[in-house]
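Please read them with the structure open beside you.

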Amino acid sequence: MTRGDVFIQLLSELHDEPKELIADMLSVMKDSIPLEEHNFDEEISDTEAGQLLDELMQEKEAILEWFFEGYRRFLWRTRMPQGDA
């Protein structure tokens with residue numbers, strides 16, 4: 001299991017979205033972040049994953065707000081047509 005898998009599980013549970021959707025969102029975001037600046041691909045033990053999930057669930061509202069606001073900003077910056085205003 002990776003840290004990214006834990007993050008996908010967490011957001012899927014918190015937002016009641018399919019894991020595939022959350023995984024797609026995380027993949028898009030990871031592609032824009034240099035590998036050395038995130039640890040989503042780091043393998044962790046099942047025990048560590050369970051502890052991490054428990055810890056993150058205690059901060060669930062803040063995590064949801066952070067993730068979706070960041071994702072909206074990312075989409076706005078990378079997906080919106082750029083033009084002269």
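Two residues are said to be in contact here when they have heavy atoms within 4.5 Å of each other, and helices (H or I, at least four residues) and strands (E, at least two) are DSSP runs, numbered from the N terminus. This is a predicted model, in which local features need pLDDT of at least 70 and side-chain atom pairs count only at pLDDT 80 or more, while totals for chains, interfaces and linings use all residues. Residues are numbered from 1 along each chain as its sequence is written, and side-chain values use heavy atoms, with hydrogens and water left out.

1. Overall layout. The chain contains 4 helices and 0 strands, and from the N terminus on its elements run α-α-α-α. Its C-alpha trace spans about 50 × 25 × 20 Å along the principal axes. Of the 85 residues, 31% count as buried, where buried means under 20% relative accessible area, exposed over 50% and partly exposed in between (1.4 Å probe, protein chains only). Among contacts between residues at least 6 apart in sequence, 72% join residues at least 24 apart.

2. Helix α1. This helix has 13 residues and reaches 18 Å from its first C-alpha to its last, close to the 18 Å expected at 1.5 Å a residue; the expected span is 1.5 Å times one less than the number of residues. The buried residues of α1 are Arg3, Gly4, Val6, Phe7, Ile8, Leu10, Leu11, Ser12 and Leu14, and they pack against α2, α3 and α4.

3. α1 with α2. The axes of these two helices come within 9 Å and cross at roughly 125°, which makes α1 oblique to α2. Axes are lines fitted to C-alpha atoms, for helices over the stretch in contact, and angles run from 0 to 180 degrees between N-to-C directions; angles under 35 degrees count as roughly parallel, over 145 as roughly antiparallel, 65 to 115 as roughly perpendicular and the rest as oblique. α1 passes α2 in a right-handed crossing, a crossing being right-handed if the near helix is turned clockwise from the far one by less than a right angle, and left-handed if anticlockwise. Gly4, Phe7, Ile8, Gln9, Leu11 and Ser12 in α1 meet Lys19, Ile22, Ala23 and Leu26 in α2.

4. α1 with α3. Here the axes come within 10 Å and cross at roughly 40°, so α1 and α3 are likewise oblique to each other, and α1 passes α3 in a right-handed crossing. The contact is made by Arg3, Val6, Gln9, Leu10, Glu13 and Leu14 of α1, together with Glu48, Ala49, Leu52, Leu53, Leu56 and Met57 of α3.

5. Helix α4. At 1.5 Å a residue, the 20 residues of α4 (residues 60-79) should span 28 Å, and its end C-alpha atoms are 27 Å apart, which agrees. Which residues of α4 are buried? They are Ile63, Leu64, Phe67, Phe68, Tyr71 and Phe74, and because they cover an arc of only 120° around the axis they lie on the same side of α4; the arc is that of the directions from the helix axis to the C-beta atoms. An α-helix has 3.6 residues a turn, so residues three or four places apart point the same way. On the other side of α4, Glu61, Glu65, Trp66, Arg73, Trp76 and Arg77 are exposed. What covers the buried residues of α4 includes α1 (3-15), α2 (19-31) and α3 (46-57).

6. α2 with α4. These helices pack at an angle of about 60° with their axes 11 Å apart, and are therefore oblique to each other; α2 passes α4 in a left-handed crossing. Met25, Val28 and Met29 in α2 meet Phe67, Phe68, Tyr71, Phe74 and Arg79 in α4.

7. Asp16 is found in the loop between α1 and α2 and has a positive phi of about 55° although it is not a glycine. Most residues other than glycine have a negative phi. Asp16 is exposed, with a relative accessible area of 68%. His38, in the loop between α2 and α3, is buried, with a relative accessible area of 13%. Leaving aside its neighbours within four places in sequence, His38 is in contact with Lys30 and Ile33.
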